[in-house]
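The exercises below are meant to be worked with the sequence and the model side by side. Try each task before reading its solution.

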Amino acid sequence: RSSQQGADGGDGSPGSAVAETPSSEDFSLSLLDTNLPAEAETELRSFIAKRLTKGALFEGMGNVASVGLSIPEYKVGCYYCRFQQENLLEMATTESDINVPEYVVCFLGGSEKEDTFRLELDKYIRSLKINLELEQKTLETYVNPYLRSWFENAICPIQRVVQLFQEKLAFLLHAALSYTPVEVKNADEKTEKDISRFLAAASLQGLVQEGTMTSLCIAMTEEQHKSMIIDCSGPQPQFHNAGSNRFCEDWMHAFVNGAEGGNPFLFQQILENFKLKAIQDINNLKRFIRQAEMNHYALFKCYMFLKNCGSGDILLKIVKVEHAEMPEARNVVTVLEEFMRE
């Protein structure tokens with residue numbers, strides 16, 4: 001079928017290809033923009049065409065694969081995502097004769113580690129979908145610069161936050177785990193976005209029950225403990241109403257030590273391990289609380305665990321919210337709170 005299409009790629013480069021019927025061979029690919037050499041672009045186009053022929057690209061869901069390109073002379077990691085224009089899709093639902101073009105964007109990096117950031121890159125493409133329009137001037141003024149800055153904007157924010165805050169990163173980790181509201185003052189838009197993204201990435205959203213999370217947010221907002229304020233007006237960010245604990249300080253050192261290598265993929269892995277350990281501690285505490293409902297020795301084990309894990313203040317808040325409707329467990333938590341206060 002006649003349809004316009006585009007493909008683009010590059011080392012940290014944009015790529016965009018259009019295909020009307022990805023599940024059949026009856027389509028063509030046309031180049032919109034790339035910063036790859038011609039030979040490598042042809043090889044990438046061939047790779048994308050094969051994926052389209054197999055029907056292996058689902059709209060809006062990115063994939064990561066290893067692609068052999070002649071320049072550079074080794075395999076590179078390729079994130080590729082097929083999408084349609086949001087504004088035209090809405091029109092097509094009402095007018096059946098509108099032919100909605102489709103695009104494939106390709107981002108190339110040094111290895112398949114791009115898979116670590118697949119969800120972030122999917123969000124990056126969603127933002128492009130919303131803003132993309134057909135006029136060429138939009139392509140030149142908005143789309144091309146947006147695609148070319150993918151690595152800087154989608155992969156590097158966590159690394160930038162670590163480098164900005166250094167030892168004070170422990171305050172951010174504590175706020176993310178405890179759902180403390182955070183206000184950023186006197187920061188430029190990029191820094192504010194980076195901090196917001198770091199807090200979202202470090203929180204346990206999606207890993208603890210949604211009801212628990214909502215209750216925790218309400219509890220933390222209502223507490224006398226006010227919002228944590230980050231003032232970026234000086235050469236170094238200043239924190240007000242900040243909290244920390246041993247757990248967050250230990251993980252802060254892992255981030256700061258990782259900063260020497262300057263590898264954004266390492267920071268993402270440290271962040272995932274940080275959340276995994278927090279979830280393990282929560283699950284251990286819940287198990288101890290169930291045992292403590294019938295066993296005084298288990299109650300003592302609970303107390304010792306809270307004292308030694310380094311994050312007892314936050315864990316206790318989380319289990320308190322989760323066990324609010326369970327009388328026996330609530331009694332255990334109340335006793336633990338008293339012991340921890342003493």
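**Exercise 1.** Find the salt-bridge partner of aspartate 281 and describe the setting of both residues.

*Solution.* Aspartate 281 forms a salt bridge with lysine 277, and their closest N and O atoms are 2.8 Å apart; the term salt bridge requires a side-chain nitrogen of Lys or Arg within 4 Å of a carboxyl oxygen of Asp or Glu. The model is a predicted one, in which local features need pLDDT of at least 70 and side-chain atom pairs count only at pLDDT 80 or more, whereas totals for chains, interfaces and linings use all residues. Residues are numbered from 1 along each chain as its sequence is written, and side-chain values use heavy atoms, with hydrogens and water left out.

Next, locate the pair: both residues lie in helix α11, four residues apart, which is about one turn of the helix. Helix α11 covers residues 264–292, where helices (H or I, at least four residues) and strands (E, at least two) are DSSP runs numbered from the N terminus.

Then compare their surroundings. Aspartate 281 is buried, with a relative accessible area of 3%, while lysine 277, at 33% relative accessibility, counts as partly exposed; buried means under 20% relative accessible area, exposed over 50%, and partly exposed in between (1.4 Å probe, protein chains only).

Finally, list the contacts (heavy atoms within 4.5 Å). Leaving aside neighbours within four places in sequence, aspartate 281 touches Phe247, Phe305, Cys309 and Leu315.

**Exercise 2.** Which parts of the chain does the salt bridge between aspartate 33 and arginine 148 tie together?

*Solution.* Begin with the distance, which is 3.0 Å from N to O between the two side chains. Aspartate 33 sits in the loop between β1 (7–8) and α1 (38–53) and arginine 148 in helix α4 (residues 136–148), so the pair ties together parts that are 115 residues apart in sequence. Aspartate 33 is buried at 11% relative accessible area, whereas arginine 148, at 37%, counts as partly exposed.
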